[in-house]
Amino acid sequence: MAISSIHFLFVVFIVMLSLVLMLALIVLIYNIIEYNKSVRRAGWSEVINKKISDVIVYAEDEIPEDIYFKALSVNSSFRNLFLEKLVDSEKKFSGAAKNKITDLFREYDLRKEAMKKLSQKKAYLIARGIRELTVMEVQDAIPKIEQYLYHPSPQVYQEAQYAMVRFKGFEGLHFLDNFPTRISEWQQLRFLLSISSLPADSEGAISNWLESTNDTVIIFTLKLIKKFQLLYFYPKLIGLLNISSVEVRVKAVQTLMSLENPETVQYLSGIYYDQPDEVRIEILRVMKISKDQCCIDLLKKELSKDVPSGIKVNAAQALYELGHGDYLSELAKEEDSSEELIEIIKYALQEKIC
């Protein structure tokens, strides 16, 4: 019985030892493969970087034929790395250098590698393919990319949106008509930078976006109005100060001020007490830079009321910027002024609080 138990334990030990050795061997083989991939990628990167550098620096007839590069260019992994490097390089150059990078893309027909990614299942690969086709301005890929505007992955649909705007400008924003998902600040910035002009018939689309149920669509539209100084939307912006979204109201106040209408401060003073605190603070900031004296009584009143400190700070700063520093100094000396108010006034006067 004891011999059988020892035999069984010995067999178990051998099996466990074999498994451990097998796992160690698998890990070793995996690490060797990854190391070789890393070394190979580093070597390929040097070859590709030299190729890109030579093409940019030298004229076409000054570059000798590179047989080694030509041999590597049929390898799928090498081609994908080449494409990746071209896309990264394109962002760093402009003019003739940028055109040469695009020429390399066409010369080696790397469009195929980018298009293949659009048929993959992994979101990051699809997004990468869209980005590559966009950067390299492959116009005939637009219909295929357009299919991904409502893809479930944000990584994919954001690249597709940006592609449409890069390719079509303002016309590429049509997806905003019925877009339910939040648009990030970064994405909005990308759109704005890609739109250099507005078509003559843009007013209708912009009006519709200002009535969107998606707050970020409205906010982006406000930025568009600000960028192109679309003064005829002033009445619509005033209407936005009555909607439920505080974020939209704040952005609407900022946009109103950017349109430089002389009646803006007076109007905002009239609706000031109908707004939540976040919007009031933004209105006070507008008053601070407006140089309009019509709001002085309102600002003084805010310092005397029991309101959040953020409102008092901005009211005091606005009074100082509008030339009423003496009034603030006298108010700080009054016996019934609270310690909080004195500190706020000192801060507004840019004094050190001791």
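Is Val307 buried or exposed? Val307 counts as buried, because its relative accessibility is 12% and the cut-off for buried is under 20%. Keep in mind that what you are looking at is a predicted model. To find this valine, go to the loop between α16 (296–304) and α17 (309–321). Leaving aside residues up to four places away in sequence, Val307 touches Glu302 and Lys312.

Asp277 brings us to helix α15, which spans residues 277–290. Helix α15 packs with helix α13 (residues 246–258), the axes being 9 Å apart and the angle between them about 10°. Since angles under 35 degrees count as roughly parallel, α13 and α15 are therefore roughly parallel to each other. If you want to colour the contact, pick Val246, Arg249, Val250, Val253, Gln254 and Met257 on the α13 side. On the α15 side, take Glu278, Val279, Glu282, Ile283, Val286, Ile289 and Ser290. Sorted by class, the contact of α13 with α15 comes to eight nonpolar residues, two polar and three charged.

Lys291 is found in the loop between α15 and α16, and its phi is near 65°, a positive value in a residue other than glycine. Lys291 is exposed, with a relative accessible area of 54%. Gln229 is another case to look at: its phi is near 50°, again a positive value in a residue that isn't glycine. This glutamine lies in the loop between α11 and α12, and at 36% relative accessibility Gln229 counts as partly exposed.

Helix α8 (residues 154–168) packs with helix α9 (residues 185–194) at an angle of about 15°, and their axes are 9 Å apart. That angle makes α8 roughly parallel to α9, and the crossing of the two is right-handed. From α8, the residues taking part are Gln158, Glu159, Gln161, Tyr162, Val165 and Arg166, and they meet Gln187, Arg190, Phe191 and Ser194 in α9. Here the contact of α8 with α9 divides into three nonpolar, four polar and three charged residues.

Next come the charged pairs. How many salt bridges does the structure hold? The count is 15, and a few of them deserve a stop. Take Arg79 and Glu113, which form a salt bridge whose closest N and O atoms are 2.9 Å apart. Arg79 lies in helix α3 (residues 76–90) and Glu113 in helix α5 (residues 111–117), so this pair ties together parts that are 34 residues apart in sequence. Where do these two side chains stand on accessibility? Arg79 counts as buried at 12% relative accessibility, and Glu113 is buried too, with a relative accessible area of 6%. The pair also belongs to a network of salt bridges in which Arg79, Glu113 and Lys116 are linked.

Glu185 lies in helix α9 and Lys223 in helix α11 (residues 215–228), so the bridge ties together parts that are 38 residues apart in sequence. Glu185 is partly exposed, with a relative accessible area of 44%.

The side chains of Lys236 and Glu211 meet at 2.6 Å, N to O. This pair links distant parts of the chain, 25 residues apart: Lys236 sits in helix α12 (residues 234–239), while Glu211 is in the loop between α10 (202–210) and α11. Lys236 counts as partly exposed at 32% relative accessibility, whereas Glu211, at 54%, counts as exposed.

Note on methods. Residues numbered from 1 in each chain as written. Predicted model: local features only at pLDDT ≥ 70, side-chain atom pairs only at ≥ 80, totals over all residues. Heavy atoms only, no water. Axes fitted to C-alpha atoms, helices over the stretch in contact; angles between N-to-C directions. Helix = DSSP H or I, 4+ residues; strand = E, 2+ residues; numbered from the N terminus. Parallel < 35°, antiparallel > 145°, perpendicular 65-115°, else oblique. Left-handed = near helix turned anticlockwise from the far one by under 90°. Contact = heavy atoms within 4.5 Å. Nonpolar A, V, L, I, M, F, W, Y, C, P; charged D, E, K, R; others polar. Salt bridge = Lys/Arg side-chain N within 4 Å of Asp/Glu carboxyl O. Buried < 20%, exposed > 50% of the residue type's maximum accessible area, 1.4 Å probe, protein only.
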